[in-house]
Number of protein chains: 2
Amino acid sequence: MPGVQLGSGVQRLRPEPPEELPAQEEQNLLLAAAYVSDAQYNRNVPFQTSPQAIRLYCFYNHWTMRVVTYLFICVDLSLALFEKPALFPLPFVATALAEVLCLAAFSARLVHFAKVTPQMVFWKDTKNICIMVTIVVTLIDLIIYGSLETVYIHSIRWTRALRPVFLINFPESRQIRRAFRSIRNTLPDILYVFLLFLFSVLMFSLMALKLFGDRGLKTAEGAPYFTNILEIVFELYVLVTTANNPDVMMPAYNLSWWYSLYFITYIIINTYIFMSVFLAVVYNNYRKHLKNEIRTLVYLKRHKMIEAFDILKVKVGTEFVVKEATWKQLAKAVAPDISSSHLELLLRISDEGQQGFVDKMNFLRLADLLNIQVVTVNLRRHPLEAWVPRVYQSSLSLLVQRVVRHRVFVWAYDVIILINAIFIALDEKHPFISYAEWLFLALYIIEILLKLYTYEPRAYFGRKQFWNWFDTLIIIAALVATTANATVQSARKYNSRQILDIVLILRILRLLRVIISIERFRVIVTTLINIGPTMLTFGGLVFVVYYAFAVIGMEVFHGKVRFFDPNFTSPDALVCGNPALKGSAFARDRYCKNNFNDLASSFVVLMELTVVNQWHVLAGGFALVTHQAAKLYFILFHIVVVILIVNIFIAFILEAFFVAYSLGKSEIETAIEKKIQELGVGIQEEDVQDWKLTGNMGTRDSTFSGNDGDNTKASKGLYFRIASKSRPFQGTPSPEAPQEGQLLCEAPALLS
Amino acid sequence: MPGVQLGSGVQRLRPEPPEELPAQEEQNLLLAAAYVSDAQYNRNVPFQTSPQAIRLYCFYNHWTMRVVTYLFICVDLSLALFEKPALFPLPFVATALAEVLCLAAFSARLVHFAKVTPQMVFWKDTKNICIMVTIVVTLIDLIIYGSLETVYIHSIRWTRALRPVFLINFPESRQIRRAFRSIRNTLPDILYVFLLFLFSVLMFSLMALKLFGDRGLKTAEGAPYFTNILEIVFELYVLVTTANNPDVMMPAYNLSWWYSLYFITYIIINTYIFMSVFLAVVYNNYRKHLKNEIRTLVYLKRHKMIEAFDILKVKVGTEFVVKEATWKQLAKAVAPDISSSHLELLLRISDEGQQGFVDKMNFLRLADLLNIQVVTVNLRRHPLEAWVPRVYQSSLSLLVQRVVRHRVFVWAYDVIILINAIFIALDEKHPFISYAEWLFLALYIIEILLKLYTYEPRAYFGRKQFWNWFDTLIIIAALVATTANATVQSARKYNSRQILDIVLILRILRLLRVIISIERFRVIVTTLINIGPTMLTFGGLVFVVYYAFAVIGMEVFHGKVRFFDPNFTSPDALVCGNPALKGSAFARDRYCKNNFNDLASSFVVLMELTVVNQWHVLAGGFALVTHQAAKLYFILFHIVVVILIVNIFIAFILEAFFVAYSLGKSEIETAIEKKIQELGVGIQEEDVQDWKLTGNMGTRDSTFSGNDGDNTKASKGLYFRIASKSRPFQGTPSPEAPQEGQLLCEAPALLS
């Protein structure tokens, strides 16, 4: 069964010591509990903290400080754009100064962190040590490089590859760190499989040398075939990535059909089986690790909540409980944004018997309760209904609303989109078609206006209404770009290529909307959109690895391969400005632009290497212009990115889809839902459907079928609904979850 | 949690009606129960069956009948080798005659099956209908083709592609059928993802047409770049397989760095995300389907066992039970090979209180109990000890045995293997080295003889001792081949290349033994070997699909591309004998031998297409020599094999490794093990270790450390051990599990 069972086995299993403090929210709750207790009972709690410390802590967690830190990290990382080999060259003094400034900022941030953290915890934390070491090493490197530069000796600044350390290790990047930890934990297991795999490759290489080495075979390029053991190992390693299949086989296969069996066996064992085993090992570790982290998290949560309970408890009868007023004050302090109706709902759930207090078991659930996103569905009247009720309720207006709510309206627009697609496929040079474009744009704008007229605007642009936002933004952008294009065109009598490109892309993106008309497609797309934020974590992970490899690549390969205009056919241009490439596959395939001459180009080359195809051509080319050992750089990149990171990515997508397939509501969500229904403030399933569709698409229509259900509901005011679909993973915090320290520090009552 | 829980939810969930009868063993038990009941109580059971029917049924299940059926299937499939385009041409009359013979055999088999199956069941079974339709269609096709041939009109024999139907649908190929069912069940889910994926490709194609179509760009070959929407769709489809990355990007990328973003976005969305989603969908369905099948199986088993119980039950006290004698007779009838000590063990487990009868709950476990492989470890004396005890127990002999059992012995041989590897890497032309080869061979033979001297030969060549078998066979084969080679060499003064190739391969395979000296490697390799038999199922599946595609490919493409000797450089040879290929990538890469001119070549081409790399070159080449529509053949092949079958294969490996990682003993195995320990006939864990190592490698040594544990144990005689490690999947029947009907029909007592 996929997914992770929250809380299972927590009591039985003492989890491993946490690597960092993940239960920040409970930490806040605990702090808040200390204050609530102080204010209410005026008693001394066994918990050491001072208002100054709290203020410092909150300042540390303040959003401006975070933004400033990220800004400095960005500046530090972007320095690679300005340093030699640069996209935008700047003198060394300027970049060095900027780097020193960044290092100073990082040091200050670290000192600040040390002040708000117990000393023991601070020094035990590897990531602080990491940052410190990196700062010191970078400074030393900078000084050495600078002093050598003044005497005109050019050395290498290796520490540039260490810059992503800051991105990883500042406490804000917990997600990337988790991904790295996952990789680190996978390493031992993967190592043994990798060694076995290497052994297999070596055995096959030996066999190839014996079988084909002395046949005098030639490759298609006329080079000797399989005569050197090192070359064979490299070729067979490339074959694992399938990049040189079937070329590597052809000379032997041309000799005899039977030799194809050797290669087929090799591919089955090494490409299919071993690569799948790598995926299995990575995936297995990924799941195991995820489970462990969640176990630790749950344990810590419980522990903190018990501490908070012990601070606030009073004895009623035989058992310790927390008074209702205390409970409310605490909840308000922790989550100041909470509406009082929502709070009331939570209280009803926690204080089942309405006895005026919350017992221990229910108190421990507080953080979980606050964490569940209960959407307060405010079925407000349409503003127009409030302002001009006579007009809005007129029969013409009601007819318009009915039409917009009807599914035929959606179908009509689907047809319009399809016609638009055909027009796009046609040549837009014809004046009639370029006028048609204005017509389509007008139709889309009318659609949005009609929907805004019919549905409540704040509901229409709700936080979860991805497609409405998408629609509107695309249309507005298209409007702006098309207008700009037309202006430029009429003023200067020529098309601006850049603007036209944007207009074209926007025009085609509009077609995407057809998808969401089809239910089965919507499910898949919704899952993909839901995992989007966590996929960004992988973006961060890949960026870190790419950055380090790009810096090394630039140091080693820059300037070795040059790009000339493709129409330029001088002999120099044909070999990418490097005679060593003469006759190579690299030059033949015109790969000159795939070089390490600046950061942007390096990233594109690394992307190509990640996709794997033709990577032996790239590796071979760069080995020709430097040294055969340069191939190690490419092999290392392949191991790190393709065998490790891509497999983790696949594991992540697999797990995400399995969870999506078997998504059930958690126990606590069920409890809330029950209470919502009990209290009669719930939206029925069909209403939810309707509500969602109202917001999304307006295909389902309850008012059209006769009864004015929607309007009568609207007058009742407030409804609740659990936004459970927005929580695709129980393991990964959803992007809307409050940030560390945010909850507490935004409670002004607490600090005043 | 991976793996499948046997029996969970069976009571709650009525499974779907089974698609075929999988619980054949229980069917046998039921039949046996009917007979035992007849014999013992001489009463009429409510179960209709006659000795004639049983005999017919057993004849149907007899191994000779199976072998004959498989033989005819092989003949039928291998006809493709002799038909035009043929590897070994035969006249049409011969192949047609052979085919008619095969069809007759299949019909006879089917009629036989109809006789032993209830009519309702027979006609409801799709696979019987399938076979019948295929036979009829093939006959009609054969007649039409034959009559047209007599008037010299050449038509096409399409039904040749249907031949694998026989391989799939005869009841013996249950595994392949299960895999096909798995694919069929996955289709609806995969279809929607595929449509969405196609939509995405189309959107990107439209965008590419607009962005790049009117720039006048040229590819590296000088062809116009992205001007035709159909070509763009094909190129972008190829990009999903990564086969034309980065070539497809280069012209746009050369124009501007920004256009690389278009391709990177495309690759992330379509290659990484969509392909992972395909894997997720396939994997999820695979697991779901596996779970359902096992649920059905468990339900059916239970049902049959209850029927059997009802036949045999007698009333003792207040409850119905089965008498011990009846139970024994039944077990003996079902599993005649069972040793009486093993039977006694099972009885002790079933009749916990030794009351002389077996209650219902324990009776229902009978089939499971019989299914668990309890290895009767017969710690026999070494035969030499029995024959010449004085010599075998002499101090010299004991010393030899100690040395062989010592781990240094293993290490010494590891070193010898490594030295051997170095010698192999050196040139074997030198006479000294070719003498060394004889020395190594002698050393290996001595090793095997020494081990046979020390360990009991029957234990050494036990059924599970894969590596001992491997070792011995490799050495014997090497001995034979090397001798043959030396004979040929000395007689004819030249090396026979074929024999030398075999000698070389055998020599290198010997090096594999180093792996098993390392514990961590052994675990991985053991898992791989355990899943080997089930992997053969995939071999069958792939073969069926390949065969159908190969036949179609041969009809469409044969003779279009011809292979010339690679040294032959006439203009005709350079374009593979087809002027249409002039200037194509296909001809440039010298892919002439990748053709559909016979079955063997077709299979190799299809293998290359499965590996995907350069498949656009192959597809493009064959499209050039026939028609652009031929690309559809290659796209279809990609969808079927790469998107479906390869993903199922990966899913299978993932599941296998997850199960291996979390392998625990089932409840019933634990019960048996407990009883084994209780009865004091168990081998302790360390003994098992020792026993295994004794069999495998002899690294652990208990006798060397002073006490003669091994010998004292040996005198006690019989020990039991559960061969649980040999059952890597609870879902897939292990290859040693008795075949359908085998158990019953091999019970001679029952039929006499």
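1. A salt bridge is counted here when a side-chain nitrogen of Lys or Arg lies within 4 Å of a carboxyl oxygen of Asp or Glu. In this predicted model, the side chains of Asp501(B) and Arg215(A) form such a pair, with N and O 3.1 Å apart. Because the cut-off is 4 Å, the distance of 3.1 Å between Arg215(A) and Asp501(B) qualifies.

2. Where do the two partners sit? Arg215(A) is in the loop between α8 (174-212) and α9 of chain A, while Asp501(B) belongs to helix α23 of chain B, and the pair crosses between chains. Between chain B and chain A the count is 2 salt bridges. Over all chains, the rule gives 33.

3. The rule for polar contacts finds 20 residue pairs across the interface of chain B and chain A, with both residues at pLDDT 80 or more. On the side of chain B that touches chain A, eight stretches each supply at least two residues: α8 (174-212), α10 (250-255), α11 (259-312), α19 (407-425), α23 (497-509), α24 (519-557), α27 (599-611) and α29 (631-661). The largest share comes from α11(B), with 16 residues. By class, this side of chain B divides into 62 nonpolar, 13 polar and 18 charged residues.

4. The extent of the contact can be stated in two ways. By residues, 93 come from chain B and 93 from chain A. By area, about 8,800 Å² is buried between chain B and chain A, and carbon and sulfur atoms give 69% of that. The size of an interface is often given as the accessible area lost when the parts come together.

5. Rolling a probe the size of a water molecule over the atoms shows where empty space is left. The structure holds 13 cavities of 30 Å³ or more. About 1,100 Å³ of space lies in the largest cavity. This cavity is lined by 38 residues, and the closest to its centre are Thr242(A), Ile650(A), Thr242(B), Met275(B) and Ile650(B).

6. Which helices line the largest cavity? In chain A, α11 (259-312), α27 (599-611) and α29 (631-661) each supply at least two residues of the lining, as do α11, α27 and α29 of chain B. The lining has 22 nonpolar and 16 polar residues, and no charged residues.

7. Thr242(A) is placed in the loop between α9 and α10 of chain A. Most residues other than glycine have a negative phi, and most peptide bonds are trans.

8. A cis peptide bond is found in each chain. In chain A, the bond from Asn245(A) to Pro246(A) is cis, with omega near -5°. Pro246(A) is in the loop between α9 (229-240) and α10 (250-255) of chain A. In chain B, Asn245(B) and Pro246(B) are joined by a cis peptide bond with omega about -5°. Pro246(B) lies in the loop between α9 (229-240) and α10 of chain B.

How values were computed:
Residues are numbered from 1 along each chain as its sequence is written. Chains are lettered from A and ligands numbered from 1 in the order in which they are written. This is a predicted model: local features need pLDDT of at least 70, side-chain atom pairs count only at pLDDT 80 or more; totals for chains, interfaces and linings use all residues. Side-chain values use heavy atoms; hydrogens and water are left out. Contact means heavy atoms within 4.5 Å. Buried area is the accessible area (1.4 Å probe) that two parts lose on being put together, summed over both. A polar contact is a pair of N or O atoms within 3.5 Å; within protein, one must be able to donate a hydrogen and the other to accept it, and residues adjacent in sequence count only if both atoms are side-chain atoms. Helices (H or I, at least four residues) and strands (E, at least two) are DSSP runs, numbered from the N terminus. Ala, Val, Leu, Ile, Met, Phe, Trp, Tyr, Cys and Pro count as nonpolar, Asp, Glu, Lys and Arg as charged, and the others, Gly among them, as polar. On a 1 Å grid over the protein atoms alone, a cavity is a set of points where a 1.4 Å probe fits but cannot get out, and a pocket is an open set with protein on both sides within 12 Å along at least five of seven lines; lining residues have an atom within 4 Å of a point. Grid points are joined across faces, edges and corners, and a volume is the space filled by probe spheres set on the points.
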